[in-house]
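Here is a set of questions on how labels are assigned. Each answer sets a value against its cut-off.

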Amino acid sequence: MINFNRNTNLETIRSTSQWDIVIIGGGATGLGIAVDAASRGFKTLLLEKYDFAKATSSRSTKLVHGGVRYLANGDIKLVYSALHERGLIFKNAPHLARVQSFIIPCYSFFSKWKFLIGLKVYDWMAGKYRIGSSQFLSNSQVISKLHSVKQEGLQGGIIYYDGQFDDARFAINLAQSANTLGATVLNYCDVNAIKKDANGSVSGVTFRDIESNETFEIKSKTVINATGIFVDDILKMESPNHKNLVRPSQGTHIVIDKKFLGKEDALMIPETTDGRVLFGVPWHDHILLGTTDTPLNVHSIEPRPLEEEVEFILNTAKNYLNPAPTRADILSVFAGLRPLAAPKEEGQISTKEISRDHKLISSPSGLITITGGKWTTYRKMAEETVNKAIEIGKLNQAPCVTKTLKIHGYQQEKQEGHWQFYGSDAKLIQDLVLENENLAQKIHPKFDHIAAEVVWAVRHEMARCLEDVLARRIRMLFLDPKAAMEAAPFVVRIMATELNQSQAWKDEQLTLFLALCKNYTYHLS
């Protein structure tokens, strides 16, 4: 049984005088670095201000992919690297990622050939990690697979193969993996100062435990800034005159009923009106439609989808689906912010042309910052970042072992429904019901999740508040916020018992969560 316990980890901090590596940020990048660093034997601490994957890392299009669009943009290096990393994710986390077929409906002879040639190159670039072969489909084949596809002018299509996963569940399993390897991993810890020695070199951090309000001073040989869209906030903490490194680009998704596509295939729309791509992806028995690419000048932890983004997604879908989803069919809408490189001059470049490759930099003081990239390449980014930390912190040389490291929950045997995403933990959760039959109760009639999952999330996945459970341990907020609101009173009662919390805590949690749900349902008003 894993001991992924917040209080235990706080005690470890109190008894540790110096760390090799401190990581600020508990999204895909930071958690990947914690796994890599701990697996090399380094004394590793990760501090996340909110919950793991609270920001960008839980709001992706749920694809493990090389990036067909990046290939079209000529970003060969990123696509090649991502395709190889995709293969490693399938190998090391088969419970979280799976092969997904995508269909491109084609409405001209030229486009059919253009896309097939491009996708054959995409297949070829995956090398030994190839997961399928792109093929032409006839009209009847496209219609049988995507029964709602617009048939007027249809000239067949193409099927190709990529990957699909659950982003927040992957993040939780990375946190557990890092913990098992010896890292100390904490959520709800706010880093508020970067410490320097007499020579001006980074020597540690100060952070506040948001739950207890206790402040800790940490000494470390290296500090890594892996805070995604918030990297500039940390860099300004270290150097007040810092100029912004990133500019946020918002990606919005809508969630609709699975009836709008076929049984198992995803839809890929290769050319939208603004030259981007749009996906319709089966996910947790629903369909995810997205994404957009809207440059913003501000960043926030809970970005709001823009009206024009929702309209763009619906209008694009209308060109390919009949019947097409309308506003009334939207179950949920959510937005995430990508940390893209800030243009040196205003109006210099559009967001779709900015490389999604990552940037690894070190400040004169020795603060290491990693930003950009994509979920699929998290492992490679982590490897490069830890190599940089070894160099800057003069740490012992140790080889990277994560290419073959199995992620927590690893299980090759497939499981029914949502249990698949728990991997080897599924049986342990189901065993809780044998101890207490009340834990077999469903938390909502529309979903198969049971009370035992809530208990497990608190005991073994560091879920601290209602949102942690219903947004990221269980994905109900993203799939159906109305159902999440209805499930909330039952879930918060279970959590309060586990966490030994008061009625006042339960009331506050419900108030906060119901207000949050409005961000995911405002389009319905």
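Q: Which residues does Asn179 touch, not counting residues up to four places away in sequence?
A: In this predicted model, Asn179 touches Asn3, Phe4, Asn9 and Val185. Asn179 sits in helix α7 (residues 167–180).

Q: Why is Asn179 called buried?
A: Its relative accessible area is 13%. Buried means under 20%, so Asn179 qualifies.

Q: What makes the link between the side chains of Asn179 and Asn9 a polar contact?
A: The distance is 3.2 Å. The cut-off is within 3.5 Å for a pair of N or O atoms. The Asn179 side chain also reaches the backbone oxygen of Asn3, at 3.0 Å.

Q: Why is the pair Arg379 and Glu85 called a salt bridge?
A: N to O is 2.9 Å. The limit is within 4 Å, so the pair counts. Arg379 lies in helix α10 and Glu85 in helix α4, so parts 294 residues apart in sequence are tied together.

Q: Why are Arg379 and Glu85 called buried?
A: Arg379 has a relative accessible area of 5%, and Glu85 has 5%. The threshold is under 20%, so both labels hold.

Q: What makes Glu217 and Lys195 a salt bridge?
A: N to O is 3.9 Å. That is within the 4 Å limit. Glu217 is in strand β10 and Lys195 in strand β8.

Q: Why is Glu217 called exposed, and Lys195 partly exposed?
A: Glu217 has 61% relative accessibility. Lys195 has 30%. That falls between the 20% and 50% cut-offs, so Lys195 is partly exposed.

How values were computed: Residues numbered from 1 in each chain as written. Predicted model: local features only at pLDDT ≥ 70, side-chain atom pairs only at ≥ 80, totals over all residues. Heavy atoms only, no water. Helix = DSSP H or I, 4+ residues; strand = E, 2+ residues; numbered from the N terminus. Buried < 20%, exposed > 50% of the residue type's maximum accessible area, 1.4 Å probe, protein only. Polar contact = N/O pair within 3.5 Å; in protein donor to acceptor, adjacent residues only side chain to side chain. Contact = heavy atoms within 4.5 Å. Salt bridge = Lys/Arg side-chain N within 4 Å of Asp/Glu carboxyl O.
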